[in-house]
Structure formats: C-alpha cells, structure tokens
Amino acid sequence: MSTEEQKKKNMMRLMTLMIVGMAKALYDLFGETAFATMSEVGKSTLEIMEKEMGLEIEGEDPKNVITEIGRIFADEMGFIESFSTEQEGNKIALTVSHCQGWDLTQAILKTGVEVPFTCPIMNVCQAALIRMGKPAQKAISPIPETHGSTITFTMIEQ
C-alpha cells in the first residue's frame, strides 16, 4: 500500500497525464486553432481572479492589467517565481521566470503539439484584453534557461 506522499505523487502524475492527453487531442483535432478552445479556460480563470483575488480590469490600462495578472500568478498562486512587463508601441511583453507549468508544457510539446497553447497566464491575459475591448494577437517564446517564457500581445488596431 502506498504512503500518503506516494499517493499524492501518483495523483499528480495521473492529472498530468490527463492534461497532456487532452492537450494533444485538442491539437490533433483543431491544429493551431486549439488556441480558441483555451480562451474559454482563460475566461473562466479571469472570472475567478476577479471574484476571489481582487483583479479589476474595467477602465484600466492594458499594461497595468497584464502586470496585475502577472503579480497574481506570482504572489497569490505561486505559479511563477517572478515576472516583468514591458510595453513598446502597440506591443506588451510579459516575461515570466521559473514557471511551475514548465515540465507539463514540455511533456505536451513532446507529443507533437507545436505551440504551447495551454499557458494559463497567456490565456487569462488574452481574455482580459478581449473583455477590455483591446483584442490582440498573442505569441509565446520559451526561455529554457529560466524555465520561463516571453508572452507578447500585439494590439489590433480597430
């Protein structure tokens, strides 16, 4: 019989296998348009952050909202160790370090998925920008040495 600690590890492994399998299935079915399916996850997480963590997006500057989302993922969730936000023209870049989802993302990419479309930070920021009436194209670039990434949002002129 497993110890409580071993049961927790087995449970985490099972959950990881489920997420990896679902991500691969979505990508196999929809290709890069799987991004659209993850936007629903971003919307749901955004609502939780607003209700339970004090995130306010109405009337705020997009860079300030992305910075606050980064702060919540770092300070309230412990999902990342640190982050920085920079804006240049119509582009806002969020660079994160030591992401707790790094190993999961690598496992997903090893299945043949070409784009890390499951990033919760990217999907929450995208959902916030859309709700603010500031649609943007998103891109994510991994930074292996810090187990992080740079997520770039390019605002679409309307």
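1. Histidine 147 sits in the loop that separates strand 3 (136-143) from strand 4 (148-155). In this predicted model, the phi of histidine 147 is near 50 degrees, a positive value in a residue other than glycine. Most residues other than glycine have a negative phi. With a relative accessible area of 35%, histidine 147 is partly exposed.

2. How many residues lie between strand 3 and strand 4 in the hairpin that they form? There are 4 residues between the two strands, and histidine 147, with its positive phi of about 50 degrees, is in the turn. Strand 3 and strand 4 run antiparallel and are joined by 8 bridges. One of the pairings links alanine 136 to its bridge partner in strand 4, methionine 155.

3. Strand 4 also pairs with strand 2; these two strands run antiparallel and are joined by 6 bridges. Here lysine 91 has threonine 154 of strand 4 as its bridge partner.

4. Histidine 98 is not a glycine, yet has a positive phi of about 55 degrees. The residue belongs to the loop between strand 2 (91-97) and helix 4 (102-109). Histidine 98 is partly exposed, at a relative accessible area of 36%.

5. A search of the whole structure for salt bridges returns 8. One of them is formed by arginine 131 with glutamate 50, whose closest N and O atoms are 2.6 Å apart. Arginine 131 lies in helix 5 (residues 120-131) and glutamate 50 in helix 2 (residues 34-53), so this pair ties together parts that are 81 residues apart in sequence. Arginine 131 counts as partly exposed at 37% relative accessibility, and glutamate 50 is partly exposed at 24%.

6. Arginine 71 forms it with glutamate 68, with 2.9 Å between the closest N and O atoms. Both residues lie in helix 3 (residues 62-76), 3 residues apart, which is about one turn of the helix. Arginine 71 is partly exposed, with a relative accessible area of 25%; glutamate 68 likewise counts as partly exposed, at 25% relative accessibility.

7. Which residues are linked with Arg71 in a network of salt bridges? The network holds Glu68, Arg71, Asp75 and Glu76. Within it, glutamate 76 forms a salt bridge with arginine 71, the closest N and O atoms being 3.2 Å apart. Glutamate 76 is partly exposed, with a relative accessible area of 47%. Side chains of opposite charge can pair when their charged atoms come close.

8. Is cysteine 125 buried or exposed? Cysteine 125 counts as buried, at 0% relative accessibility. Cysteine 99 counts as buried as well, at 19% relative accessibility, since the buried class covers residues under 20%.

9. The surface carries a nonpolar patch of about 560 Å², made by Met11, Leu14, Met15, Met18, Ile19 and Met22. One of these residues, leucine 14, has its place in helix 1 (residues 4-30). Leucine 14 is partly exposed, with a relative accessible area of 45%.

Notes: Residues numbered from 1 in each chain as written. Predicted model: local features only at pLDDT ≥ 70, side-chain atom pairs only at ≥ 80, totals over all residues. Heavy atoms only, no water. Patch = residues over 30% accessible without salt bridge, like charges linked within 9 Å, V, L, I, M, F, W, Y side chains within 5 Å. Areas by Shrake-Rupley, 256 points an atom, 1.4 Å probe, with all protein chains shown as cover. Salt bridge = Lys/Arg side-chain N within 4 Å of Asp/Glu carboxyl O. Buried < 20%, exposed > 50% of the residue type's maximum accessible area, 1.4 Å probe, protein only. Pairing = 2+ DSSP bridges.
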